[in-house]
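Here is my notebook for today. I went through the model with a few simple questions in mind.

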Amino acid sequence: MKALKRKTTRTARTEPWHPSAWQAQSLLLTYPDEQLEQRLALAGRVAATLPEPVARSLLRFTAHAEQTAAADMATAYVATFDHRKRCCPYLTYYAHGDTRKRGMALLRLKQTYAAAGWRLSDDELPDHLAVLLEFAATEPGTGARLLTEHRAGLELLRLALKDDGSPWAHVLDSVSATLPALGGDEREAALRLAADGPPEEQVGLDPYASPVFLPDPVVGGPR
């Protein structure tokens, strides 16, 4: 009789400094607008409280950004994250591409946020890395689990940014330093994604907005 192989599920361990790190990383992964200078200053202060591997990568990014014109940072951001699929900041894309499964994954994320009292604006997708990191900063336990679930996609994004010589690769290095090392399954998934790319069924994201999948409203709850 063959022994059953038990599948283990890793639980991401959170540390007291994780929320500060994730909040700083989130700020640096948003579009570099007129508030970039303040974000860089805040990230520098936060880095002083973080473990060296996490802080070092943050400071490498802030050093580059402080020496680069804001307009050039904005141009580089758009060229990197908006025009290159391999540098996509929307994490469910790596596992599902533009398929119906991605629509459902987005909906599950949105419902997870809602259960924690979060409401996203209509122009935000819940799988953007900056959004997920900001959520993790406020809900560390759930946020760590979500980040770990997307570990393979995060690794692929990190490597793509490194290949492009992007300064945002430093921020992804910092994010990775807050998470468990890639396990065997995750490493294999990252390798498959790198070789094959995400699924390519072009169906849009209709299930994400479909009211059929939304929970019934709670009677007497907030309107």
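**Entry 1: the enclosed helix**

I started with helix 10 and found Trp168, Ala169, Val171, Leu172, Asp173, Ser174, Val175 and Ser176 buried. Buried means under 20% relative accessible area, with over 50% being exposed and anything in between partly exposed (1.4 Å probe, protein chains only). Helices here are DSSP runs of H or I with at least four residues, numbered from the N terminus.

A note on my source: this is a predicted model, where local features need pLDDT of at least 70 and side-chain atom pairs count only at pLDDT 80 or more, while totals for chains, interfaces and linings use all residues. Residues are numbered from 1 along each chain as its sequence is written, and side-chain values use heavy atoms, with hydrogens and water left out.

Back to helix 10 (residues 168-176): 8 of its 9 residues are buried, so the rest of the structure largely encloses it. I then looked up what its buried residues pack against, and the list is helix 1, helix 3 (52-66), helix 4 (70-82), helix 7 (129-138) and helix 9 (151-163). Contact means heavy atoms within 4.5 Å.

**Entry 2: helix 1 and helix 2**

At what angle do helix 1 and helix 2 pack? I read about 155 degrees for helix 1 (residues 18-28) and helix 2 (residues 36-47), with the axes 10 Å apart. Axes are lines fitted to C-alpha atoms, for helices over the stretch in contact, and angles run from 0 to 180 degrees between N-to-C directions. The two helices are therefore roughly antiparallel (over 145 degrees; under 35 is roughly parallel, 65 to 115 roughly perpendicular, the rest oblique).

From helix 1, the contact uses Ser20, Ala21, Ala24, Leu27 and Leu28, and from helix 2 Arg39, Leu40, Leu42, Ala43 and Val46.

**Entry 3: helix 6 and helix 8**

Next I checked helix 6 (residues 100-115) and helix 8 (residues 140-149), whose axes come within 11 Å and cross at roughly 170 degrees. That makes this pair roughly antiparallel. Leu109, Thr112 and Tyr113 of helix 6 meet Thr142, Arg145 and Leu146 of helix 8.

**Entry 4: cysteines**

How many disulfides does a search of the whole structure find? I got 0, taking a disulfide as a pair of cysteine sulfur atoms within 2.5 Å. The sulfur of Cys87 has its closest cysteine sulfur in Cys88, 9.2 Å away, which is too far for a bond. Cys87 counts as buried at 0% relative accessibility, and Cys88 counts as buried at 10%.
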